[in-house]
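Subject: Structure for your review: charged side chains

Dear colleague,

Please find below the structure that I am handing over to you.

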Amino acid sequence: MGKLGGFLEIARVEQPERNPAERLHDFNEFVETLPADGVREQGARCMECGVPFCHNGCPLGNLIPDWNDLVYRDRWREALDQLHATNNFPELTGRLCPAPCEAACVLEIREGDAVSIKQIEVSIINRGWDEGWIKPQPPLVETGRTVAVIGAGPAGMAAAQQLRRAGHTVTVYERDEAGGGLVRFGVPHFKIEKWVIERRLEQLIAEGVEFRYGVDIGKDITPEDLRAQHDAVVIATGSRVPRDLPVPGRELDGVHYAMEYLYDRARVLDGNAPEAPITAAGKHVLVVGGGDTGADCVGHSLREGAASVTQIELLGEPPAKRPDDLTPWPRWPVKLRTSYALKEGGDRDFAISTTKLTGNGKVEQVHWVQNSGQPPFDAVPGTEESHPVDLVLLAMGFLSPEQDLLEGLGVERDARGNAKAGAYSTSAEGVFAAGDARRGQSLIVWAINEGRQCARVADRYLRSLPAIDPRDEESAGTSDRFGSADLGADPPQIASNS
């Protein structure tokens with residue numbers, strides 16, 4: 001794989017980024033890619049490691065050494081085939097996945113030296129689109145079975161594409177006005193421009209997937225009616241119930257969940273702004289939560305021109321290097337990382353417990369105390385502080401999928417409130433679950449994998465159902481070319497009932 005000894009000769013090169021001082025003035029993507037020759041060099045670093053631990057690190061089981069080697073050998077078209085063999089949407093994972101595959105790379109034993117897998121992945125898929133190699137793949141045969149997919153995020157999109165390519169009629173129900181889920185509305189434009197998502201949605205539509213936007217199951221369509229209209233249902237709604245901050249003053253104006261703010265910003269940039277969008281412009285902003293969603297709030301606030309931005313984290317500051325006694329290779333390392341947003345500005349503090357918020361109807365002050373940095377997060381006496389604040393954004397993660405839909409579909413839940421579907425099948429006949437709705441909040445790479453695996457199980461179920469009316473069986477039907485001079489047979493189609 002790669003160039004023999006290449007990893008000894010060629011240094012790892014990170015993905016290039018636009019200068020923080022420049023990118024703060026627009027909402028365009030700030031992560032770039034190396035030119036093709038540079039990407040080939042990075043592919044050459046993939047070593048003949050014998051056991052490719054990157055496979056274990058990647059939830060999708062991507063064929064990473066294979067397409068690394070193909071890129072090194074300038075066989076990009078074949079590399080694209082290998083990439084699509086396990087991943088429906090590499091342009092999403094190549095931009096947004098934190099790359100656990102790189103953490104598991106054998107070269108990462110020497111910390112910071114892993115193969116630039118993520119950069120190679122996104123370069124392959126970009127080349128595929130630029131060359132026109134990616135085409136719709138409608139099924140050759142229709143099964144006559146219908147599937148409803150609830151949710152148009154990565155898990156729902158992956159399930160819909162796999163089921164459609166298996167020949168089923170697929171309808172995706174999405175309560176938002178466009179597809180993509182949190183990738184569309186929760187992830188900022190400057191991390192992934194939305195035409196990237198639209199391009200994939202157009203491919204799914206060309207393959208025969210129907211999208212019904214602005215449809216909220218349980219309000220616009222009852223779960224009973226949905227079940228009656230379809231042979232199977234896939235729940236891919238994500239984990240959308242946010243974790244709250246139960247402190248005095250939570251009810252004050254100016255305190256919002258992170259997704260409220262990010263959704264508003266996305267709609268403003270899409271030209272579909274709400275009447276009074278949440279804005280950080282000119283305000284002292286506090287972001288509670290140190291994860292990716294918190295970083296996205298910081299990035300947006302800085303681009304809006306906030307007076308100040310502070311991000312606080314309940315946990316203590318992690319070590320600067322991988323702690324081998326806690327998270328040895330090839331596990332994902334718990335270590336200090338500085339987000340792209342904090343490179344652009346803002347302050348960060350660890351081991352902080354918010355005690356209360358105060359103000360006259362609107363939040364004006366935040367009060368906090370330093371804690372021990374680990375459960376049970378005991379307060380450190382004498383460390384109480386208060387700071388002025390105009391906007392508080394709660395980015396502390398998500399608890400579970402919304403319960404009304406699961407209840408309406410008769411789906412049992414686990415102890416965390418997720419759909420109980422150990423092998424993607426729920427307790428309700430013909431109802432399946434995938435993505436965050438099944439496993440809890442997780443990574444985009446897990447969502448796509450879950451959608452693919454759920455589709456496999458749902459397809460098996462659909463093909464096990466009793467035969468439908470013989471007149472509706474898969475059939476070549478009567479030739480549309482009967483009586484014409486055209487040669488060749490028609491594609492398979494559903495025979496007429498007449």
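A salt bridge is taken here as a side-chain nitrogen of Lys or Arg within 4 Å of a carboxyl oxygen of Asp or Glu. The model is predicted, so local features need pLDDT of at least 70 and side-chain atom pairs count only at pLDDT 80 or more, while totals for chains, interfaces and linings use all residues. Residues are numbered from 1 along each chain as its sequence is written, and side-chain values use heavy atoms, with hydrogens and water left out.

Over the whole structure, the search returns 33 salt bridges. Three of these pairs are described below.

Arg127 and Glu131 form a salt bridge with an N to O distance of 3.1 Å. Both residues belong to helix H9 (residues 117–131), where they are four residues apart, about one turn of the helix. Helices (H or I, at least four residues) and strands (E, at least two) are DSSP runs, numbered from the N terminus. Arg127 is partly exposed at 26% relative accessibility, and Glu131 is likewise partly exposed at 43%. For these classes, buried means under 20% relative accessible area, exposed means over 50%, and partly exposed lies in between (1.4 Å probe, protein chains only).

In the pair Arg164 and Glu142, the closest N and O atoms of the salt bridge are 2.6 Å apart. This pair links distant parts of the chain, 22 residues apart: Arg164 sits in helix H10 (residues 154–165), and Glu142 in the loop between H9 and strand S1 (146–150). Arg164 is buried at 9% relative accessibility, whereas Glu142 is partly exposed at 22%.

Arg267 and Asp176 meet in a salt bridge at 3.5 Å, N to O. Arg267 counts as buried because its relative accessibility is 17%, and Asp176 is buried at 9%.

With kind regards
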